[in-house]
Amino acid sequence: MTTPTIRRATPADAEALSRIGAETFSETFGHLYPPQDLATFLETAYAVETSRRDLADPDKAVWLVEAGGAVVGHALAGPCDLPHDEVTTTCGELKRLYILKAFQGGGTGSRLLAETLAWLERDGPRRLWIGVWSENFGAQRLYGRLGFEKVGEYHFIVGETRDREFILRRG
Ligand SMILES: CC(C)(COP(=O)(O)OP(=O)(O)OC[C@H]1O[C@@H](n2cnc3c(N)ncnc32)[C@H](O)[C@@H]1OP(=O)(O)O)[C@@H](O)C(=O)NCCC(=O)NCCS
């Protein structure tokens, strides 16, 4: 298998971003929700219009991971809007980090994470936040190794389902 490449996405990637976003979210978490709730969530969170807005926002950055001409992963970073008392306007957040299962475990996620964290701290060290599902132990291990610690919890709502999410912080 060729090593996947990582590049910053541009406004021309809105459709591709929506597609890989919905595909990776469904593949990772789809089993947790009733199908109708999942469909409604995907239509909003991964709408092409939403991707277009994210890509046009100068305070956000998006990366696409590509292999063999196909998009196989993505990441999104920007200002923090997690519900925690100590979040300020200067805080950054890793909002999404997803690789298709077939391409996981080969170091690509770590490279993608390193790129997003470097971008978030492009002007120097900064307080960073991540929201992660309470039972996503693999991702928690990955973030823990990079200095992120649990400082709170919240509920991530998908339709009628309220997921328990951990709030992680570094710095
Ligand atoms: C998290 C993720 C991006 C890591 O990508 P990757 O290419 O597998 O990562 P790497 O090979 O560089 O590193 C592997 C580390 O990621 C974590 N990891 C591995 N598989 C994972 C999985 N299926 N889900 C979550 N984390 C995983 C582990 O900490 C692992 O380290 P370890 O092998 O020492 O235990 C990828 O596994 C993924 O997309 N998972 C599903 C989506 C997800 O959970 N995203 C995070 C949302 S907050």
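In the predicted model, 32% of the 171 residues of the protein count as buried. The radius of gyration of the protein is 15 Å, which agrees with the value near 16 Å that a compact globule of 171 residues would have. Along the principal axes, the C-alpha trace spans about 40 × 40 × 30 Å.

The protein contains five helices and seven strands. Their order along the sequence is β-α-α-α-β-β-β-α-β-α-β-β.

Helix α4 was examined in detail. This helix has 13 residues, and the distance from its first C-alpha to its last is 18 Å, close to the 18 Å expected at 1.5 Å a residue. The buried residues of α4 are Thr108, Gly109, Leu112, Leu113, Thr116, Leu117 and Leu120. These residues lie on the same side of α4, because they cover an arc of only 165° around the axis. On the other side of the helix, Ser110, Ala114 and Ala118 are exposed. The cover over the buried residues of α4 includes the strands β1 (5–8), β2 (61–67), β3 (70–79), β4 and β5 (128–133), together with helix α5.

Asp54 lies in helix α3, which covers residues 48–56. This residue counts as buried, because 21 C-beta neighbours lie inside 10 Å and the threshold for burial is 20 or more. Apart from neighbours within four places in sequence, Asp54 is in contact with Lys60, Val62 and Leu76. Thr40 is 14 residues from Asp54 in sequence, and the two are 19 Å apart in space, C-alpha to C-alpha.

Ala12 is placed in the loop between β1 and α1 (14–29). With 8 C-beta neighbours inside 10 Å, Ala12 counts as exposed, since a residue with 12 or fewer is assigned to that class. A separation of 40 residues in sequence lies between Ala12 and Arg52, while their C-alpha atoms are 8.4 Å apart in space.

Glu149 belongs to strand β6, which comprises residues 149–158. This residue also counts as exposed, with 11 C-beta neighbours inside 10 Å. When neighbours within four places in sequence are left aside, Glu149 is in contact with Leu168 and Arg169. Glu149 and Ala9 are 140 residues apart in sequence, and the C-alpha to C-alpha distance between them is 29 Å.

Definitions and conventions. Residues are numbered from 1 along each chain as its sequence is written. This is a predicted model: local features need pLDDT of at least 70, side-chain atom pairs count only at pLDDT 80 or more; totals for chains, interfaces and linings use all residues. Helices (H or I, at least four residues) and strands (E, at least two) are DSSP runs, numbered from the N terminus. The expected span of a helix is 1.5 Å times one less than its number of residues. The arc is that of the directions from the helix axis to the C-beta atoms. Two residues are in contact if their C-beta atoms, placed from the backbone, lie within 7 Å. The radius of gyration is taken over C-alpha atoms; the globule rule is 2.2 Å times the number of residues to the power 0.38.
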